[in-house]
Amino acid sequence: METITNTHAVVIGAGIGGLLAARVASEAFDRVTVVDRDALPDTPTVRRCVPHARHAHALTARGRATIEELFPGFTDDLLGFGAPTGDLQSDFRLVFGGNRWATVTSGVHPLLASRPLIEWHLRTRVCTLPNVDVIGHCAATGLITDPRRRAVTGLTVSRRTPHITDEAIDADLIVDASGRSSQSQGWLEPLGYPRPEEEKLSIHLTYATRRYRRDPSQLDGDLGIGVGTTPTLPRGGIALAQENDSWIITLAGYGNDNPPLDPHGFAAFAAFAASLPAPELADLISTAEPLDDGDRYRVPTTVRRHFDPAHLPHGYLPFGDTICSFNPVYGQGMSVAALEALILRHCLRANGPRVTARFLHKARPLLDHAWSMSCNSDLRLPFIDGKRTTRARVANAYVARVHRAAATDPRVGTAFLRVISLLDHPTALFRPATLARVLRANRTSPPTNTPHISAHHRPAGLSPAPGLDPASNHPKIAYNCPTPIPAPRPVQSEPDDTRHARCAGRGTRDAHVPNVIHLFPHAGENGHDANR
């Protein structure tokens, strides 16, 4: 039986997930050590091993509130650094499935800080904890176990100080927050532990990002634009106000339909944005002052690993992107990691055996919902290969009607935004009041006028998935936001030889551990009801 002694915990990875895990481990262990192979800068800059930090990030309302619980004053600190915040429905322009959403005060407030600023501030806060050490230029190289290989007893590392030295760090608990490229699975196999079952969805996503100087008068003072992809136009884009009076603008495409980064000018970037059903996005790109030449990032696949506690040594605990790496366009990663940290905190407070088993069990419902939201949305695109069940098709059709209803009934949009912000359980969209609003709006609303995909816009080299007729994805119900209804797992895709390797260091019910209903508060909590 696994029993954790609370002497020393080691966290692999000093990204968002690793820092949050270190914060909760510091409450339960005498010492916590965080190791990361990357340099850890003293300023909020993009790290070499976190290239995706250059692209648009935002912290959802639930993610912000959760981090605030772990780090009191976090929100005010970032606001003090110039990070904007506002109402997601009244201060943003949203276009999903070709439907421009009606505006209203929703009470949903994301935090629009850049990824480097969030990570730097969390690392600064963690470094002030008296029992936590954060070590950069320190790469994890292997697990140390007891003679029977039943439990981990430490971690081998390679440090640059400035010469490379190999060391062993004793540990009672090792939290693997090194991300989807975690090396620990390769370490576990020689010890007799099988690799976990993996679900993969090949999405062939490419996104490109540029930063621009922001004038408060642009967009009439609004804080951003979000334009979702549809089956007929598999492109999207987002512009977000961020600190330092800047805009971050990210454009996304699938297959070979890569958003262009023209080193000789910005016309191609603006032209790509002009193909989207939100002309103000292209206007913003064309008129704002660029601050850089832009960066591109590719995500061949999304991955979920189903770790079985019975197939793990005691004291090894996977965390964050090591378990589940989502499509980044949906902005779930940081918030899911924050909620996982709360779950880990309760598991450690229980101070009993089987910490890893309890954590994986309690995190599963959260990951089920987030993974289903991401995969169902991706599977709306006909060229993405995956299992589309009848249940998923019906669910997608309903959520498409939610998007259409949100164009005329802002309260429907609010209900949906609360779900994708992880404030409400996905079943909130089926509450009688919301369901009635959706049905009523779809009886009275005109059909969506979504442009049909052209040969120019169709991702090159990709065709509809086998057995899927593109015509079945009717443009009237096209949409992009994550589908907030759990669906059966998609079939596993073949491994992608071009898989993007990332550096480490990015991220039975009992009274001590919250169940899923606590992770998704009811809409009436905090004095807000989306249906009033």
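Which strands does helix α9 lie across, and at about what angle does α9 run to β14? Look for the answer in the first view.

**View 1. Helix α9 lies across β10 (197-213), β13 (246-254), β14 (295-306) and β16.** The helix runs at about 130° to β14; axes here are lines fitted to C-alpha atoms, for helices over the stretch in contact, and angles run from 0 to 180 degrees between N-to-C directions. Before you go on: this is a predicted model, where local features need pLDDT of at least 70 and side-chain atom pairs count only at pLDDT 80 or more, while totals for chains, interfaces and linings use all residues. Residues are numbered from 1 along each chain as its sequence is written, and side-chain values use heavy atoms, with hydrogens and water left out. The element names come from DSSP runs, numbered from the N terminus: helices are H or I runs of at least four residues, and strands are E runs of at least two.

**View 2. Eight strands line up in an open sheet: β4-β3-β11-β12-β13-β10-β14-β16.** The pairing is mixed, and two strands count as paired if DSSP finds at least two bridges between them. At the edges you'll find β4 (99-100) and β16 (324-325), each pairing on one side only. Strands of a sheet pair through backbone hydrogen bonds, either parallel or antiparallel. Pick out β11 (residues 224-227) and β12 (residues 235-242): they run antiparallel and are joined by 4 bridges. Glycine 224 has leucine 240 in β12 as its bridge partner.

View 3. Because 14 of its 17 residues are buried, β10 is largely enclosed by the rest of the structure.

**View 4. Helix α11 (residues 410-420) is mostly covered.** Of its 11 residues, 10 are buried, including Val412, Phe416, Leu417 and Ile420. What do these buried residues of α11 pack against? They meet β3 (92-96), α9 (355-378), α10 (390-406) and α12 (432-444), where contact means heavy atoms within 4.5 Å. Now check the ends. Aspartate 409 caps the N-terminal end, with a side-chain oxygen 3.1 Å from the backbone nitrogen of arginine 411. (A polar contact is a pair of N or O atoms within 3.5 Å; within protein, one must be able to donate a hydrogen and the other to accept it, and residues adjacent in sequence count only if both atoms are side-chain atoms.) After the helix comes leucine 422, with a positive phi near 65°.

**View 5. Helices α6 (residues 267-274) and α7 (residues 279-287) cross.** Two packed helices are described by the angle between their axes and the distance between the axes. For α6 and α7, the axes come within 8 Å and cross at roughly 170°. That makes α6 roughly antiparallel to α7; angles under 35 degrees count as roughly parallel, over 145 as roughly antiparallel, 65 to 115 as roughly perpendicular and the rest as oblique. The crossing is left-handed, meaning the near helix is turned anticlockwise from the far one by less than a right angle (right-handed if clockwise). At the meeting place, Phe269, Ala270, Ala273 and Ala274 of α6 touch Leu281, Ala282, Ile285 and Ser286 of α7.

View 6. Count 7 bridges between β7 (residues 152-160) and β8; valine 157 has glutamate 167 as its bridge partner.

**View 7. Strand β1 (residues 8-12) is covered on both faces.** In a regular strand the side chains alternate between the two faces of the sheet. In β1, His8, Val10 and Ile12 are on one side, Ala9 and Val11 on the other, and all are buried. β1 runs parallel to β2 (residues 31-35), joined by 5 bridges, and isoleucine 12 stands opposite valine 35.

**View 8. Isoleucine 135 sits in strand β5 (residues 132-135).** Its relative accessible area is 17%, so isoleucine 135 is buried. Leaving aside its neighbours within four places in sequence, its contacts are Thr33, Val34, Val35, Asp36, Leu40 and Arg159. Arginine 159 is 24 residues away along the chain, yet the two C-alpha atoms are separated by 9.1 Å.

Notes:
Buried means under 20% relative accessible area, exposed over 50%, partly exposed in between (1.4 Å probe, protein chains only).
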